Amino acid sequence: MKKAVIIQAKNLCKTYSSGSEQFHAIKNLDIEIFEGDFTVIMGNSGSGKSTLLYLLSGLDTVTAGEVYFRGERIDRFSERDLANFRSKKIGYVYQSINLVPDLTLFENIALPGYIAKIPKSSVHNKVTKLIRAMGIEDQQNRLPSQTSGGQQQRAAIARALVNAPEVVFADEPTGSLNYEHGIAILDILTNLNRQGQSVVMITHDIKAACRADRLILVKDGKIEGILNFDKYEENDIPDREEIIFSYITRKE
Amino acid sequence: MKTIVTLCIGNIRKKKIQNGLIVILIMLSTLLLATSITLIQNTENLFEKKHEETNGAHQILTMGEELHDPKVVNKWWDSQKGVTASELIPFKNLSGIKINGKEIPNLYLFMMNTPKTPVSIDQLTFIEGKKQKHPQKGTIWIPTSMASSYGISLGEDIEFHTGKNTFKLSVSAIVVDMPFGGPFTTNARVWMNEQDYEEQLQAMTGKEKHMMALRFDEYSQSAAYWESFERYLNKPYLETKMEYESIASFYLIINKVIGFVMVFMGAIMMSVSLFIIGFSISDAILSNYKTIGVIKSIGVTSRGIIAVYVMQYGFLSIVSIIPGLLLSSLLSRVIIESSLSFLQSGDSLDNVQGLANYLLIGSAILIIVIIITFFYSRKARSVEPVQAIRYGMSEAESSKITRRLNHSNRLLHSIGLPFQIEIGIKNLSKNMRSSALMILLTTFTSAVLVFGFVLLNSIISIKETAPSWGYDSSNIAVTVFNESAFSKNNFEEYLLSDKRIKNFGWVGELTGVFPSDSSQPLNINISVVEGSYDDFGFENIHGRNPHNKNEMAIGVNVARALKKDVGDVLDVYLGGEKQRLIVTGIYQSIANKSYSARITSEVAKTTTTDIVFINLNDVTQSNQVADELNENFNESISASTQQMLLNSVYKEAVALLIMPLSLMGILFITATFIIIFSISRINVRKESSTYGIYKSIGMTSNKIKRSITSGIFILSGVGALFGVVVGVKLLPLVLQNILSQYGLIELPLVINWGMALGISSLSIIAACLSCWLSTSVISKTSPRILIVE
């Protein structure tokens, strides 16, 4: 069965200027993200993978090219439409977690719900469920600075999910966590995907990349190659690790 | 040293916006500080200084009733040691004048014959026009008060009415004439060419009068001279005498009010500017905590870090202080010149605006900046690299903020505010010092605006409170300016035959001498009313008006000097006769520093009953009745409605105060705007990643800006409310205490709460607008950049 395209980008370009110098982070890139997939983007530092994620999620503006979400061109959205899009259609998880330091974990998770003007009682019910699912009930009334990195990242994932987005973007979500916490976060994302949630994740970690249905390799602002897999099962890891490793090595 | 210079240059180059804002804040502080010092230095004794410079008179004698021979009087005073007497100057009174075809009411002119300019006393200061020995034929010199009140400029023609004839003279000079040129005056001396005087005024009905001025080496000894003079006359001096208190009263009061406004504003400016310098530098250093940690971790010593910051802020200060001082020299000159325009004292500013003064102020600011920088950067000593890198602040500071946030979270949860406002409030509770500064600023700005408004409103609405300022509240006041052409009987018959007139009463003055056990005898003007003080609305602070022939009301300062209260008995010499009178009331009067008294005509008669107060059955007919009186008795009287009198007198007060108060208001609003703009901008930079997160989860820029501004709105609202209380209650109380020595112990304020709140809201608008504009950077920046930065 053919999968539905949820995000599509054509001739995507992003150039950063610093004084007279220009750096082309993304160069004429075409990409499709499919509904229900766990898409993993890999690449070396400076390859343009984070920039790609920002552009696909509408967090940054394109220099040239087009970005479509379910056929709607988001790179031409007004600020209000973009805000609405970020609030309802996507969830974003950062490597540096980026919880609002002045708000408790509960408030941080509830915030997108408030912004989307969902009734407070519904938001609170949803937040309570997510907090339970993430295993951070004891920490919910604490400020981020009073909790561990793993707990903060769980809260960040919960925040990304509170408005039931169509796609969750995760930029190296395990990058700042220890092994144990990292695995837990990956399990959460995998389980979400199994329930039908589209996930787009950046990682450097081949073990983490094993969770992918589709692996996109980015190099110098372009797509270097794509690997497709079946749905992830835990015993797939050794084989997939080898496949991914040899693929990357070959491409480099 | 190389490391320190490299780090310092790096700091200056890298943080252009933050450094730019600090430059603006230090420049603003310099401007406020230097202006406040210049204002404070200029407010004291400007009147006394000018009085001294022009050899100003302590007393002015006017003779024209043939009760004394002016030449004899002049000769006696001229022969006294310790007293300078001017020559006798002949003059005639005139009331009707037209400027640009418009009749000017309520202006009584002394048309002075000027064969030569006065030289011994009350020397004229030429403000406009060529200084000459006497006015050229066809021209006159007029005082600054008349020129500014009626907008008369050099070369303009003024039309004078002498009853039947009219003549025109051109203004060839505008002069400062101290005794008749102060604020609120309704008299003016017009200096005429001798030939014009003879041609135009000699034929006019009415006697020629003479004026002479006295200046005492020791003014406190004047009573002794007067005793001696009256012994020489063998009777009391019965003609008109204007005392120093009357000459100086309005100058001193208005000078004091303006002085108070400036000293108060100056003090606030100074404290605000020091606070700003302290805040902005400490904030800039503390926000660099992480960097300090990193630098320390690579081996730079604490002393090295202190040196980097001292060098950085020392350099920024020098860049900011110079333009701040230049701006201040312009601003303080404008404020002082506009507020004390009646003294034309701009020249005296040169003394306090010298280079040395500015060098001193500039150096003081530089030292303050260095001390503050040193103090805060000393905290670098206690910076633990690991804590600094982890928390961006010390662990203790981090715990403090966490505790504060937890506390405010609990509080906000219990209130249940919309989350956008919660975000705004949390922003404030996190940055307590900047929040305190913003409350302080808006409180001061609102207090300045409200106080200025209340003061002006009280003067504009003086009709409601005229008796509390020592005036009557009758409907019409008639002044007899040409007694030779006036018949009291005919006039009274006319008044009695007019059914519209409810009652009328004559008011005159005589000089009374109060012996005092503890000091010199008091020699003051006493009002004498034929009729009832109550009918004409005179009020007392304590007690009541005199009704009987053994009663008297006294001014506040007379009561103080004689230590008398209501019910006490006092001795007074009236026309040389000693009388024992009971004090029935104590009143305040702005016109003569409350050095006056009131009796009825049953106590003593006066020779100069030249004012009539008239009350009407229907107040709305005031203008019509006054016009008819002027028409029927145009050669001898001038009738004005009370509204007209108060309007013309207090229009000048408003004109005098409105400029300095408005300038202060604008200065404070501008300062509030710039400071809050800078603070908000610094906070946006500190919190940029949080705003980036808000944007990334779907908040629009406008919503984020609204959240931040809602916090500022609450904060400035609190400040504005405090300001209203300070402006309406506290400042008037302080001013009242200052003015109490001038005989005003209860400031008659007219408070319009609605308008006061409206005016105070300007500080909220300035705060919110500056916050809104300073957060525009959020709209222009993508979430990625906000988070990454």
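Predicted model: local features only at pLDDT ≥ 70, side-chain atom pairs only at ≥ 80, totals over all residues.
## Overall build of the chains

Chain A contains eight helices and ten strands. Its radius of gyration is 18 Å, close to the 18 Å that the globule rule gives for 252 residues, so chain A is as compact as a globular protein of that length. Along the principal axes, the C-alpha atoms of chain A fill a box of roughly 50 × 45 × 45 Å. Of the 252 residues in chain A, 50% are buried.

Chain B has 26 helices and 23 strands, and buried residues make up 48% of its 789 residues. Among contacts with a separation of 6 or more, residues 24 or more positions apart account for 71% in chain A and for 85% in chain B.

## The sheet of chain A

An open sheet in chain A is formed by six strands in the order 6-7-8-3-9-10, with mixed pairing. Strand 6 (90-93) and strand 10 (222-228) of chain A stand at the edges; each has a single partner strand, so one side of each is left without a neighbour in the sheet. From one strand to the next, the twist averages 15°.

At one end of this order, strand 9 (residues 214-219) of chain A pairs with strand 10 of chain A in the antiparallel sense over six bridges. Here A:K219 stands opposite A:K222 in strand 10 of chain A.

## Helices lying across the strands

Helix 6 (residues 179-194) of chain A lies across strand 3 (38-42), strand 7 (167-171) and strand 8 (198-202) of chain A, and runs at about 150° to strand 8 of chain A. Helix 8 (residues 237-251) of chain A lies across strand 3, strand 9 and strand 10 of chain A, with an angle of about 155° to strand 10 of chain A.

## Contact between the chains

The contact draws 25 residues from chain A and 21 residues from chain B. On the side of chain A that touches chain B, helix 2 (79-88) and helix 3 (105-115) of chain A each supply at least two residues. Helix 2 of chain A gives the most to this side, with six residues. By class, the side of chain A that touches chain B has twelve nonpolar, seven polar and six charged residues.

## The largest nonpolar core

In soluble globular proteins, nonpolar side chains tend to be buried together. The largest nonpolar core in this model has 175 residues, and those with the most contacts inside it are A:I109, B:V450 and B:I676. Helix 21 (residues 642-686) of chain B gives the most to this core, with 16 residues.

Leaving aside residues up to four places away in sequence, B:I676 touches B:M438, B:L441, B:I712, B:A767, B:S770 and B:C771.

Methods. Residues numbered from 1 in each chain as written. Chains lettered and ligands numbered in written order. Helix = DSSP H or I, 4+ residues; strand = E, 2+ residues; numbered from the N terminus. Rg over C-alpha atoms; globule rule 2.2 N^0.38 Å. Buried ≥ 20, exposed ≤ 12 C-beta atoms within 10 Å, placed from the backbone. Contact = placed C-beta atoms within 7 Å. Nonpolar A, V, L, I, M, F, W, Y, C, P; charged D, E, K, R; others polar. Core = buried A, V, L, I, M, F, W, Y, C linked by C-beta atoms within 7 Å. Pairing = 2+ DSSP bridges. Axes fitted to C-alpha atoms, helices over the stretch in contact; angles between N-to-C directions.
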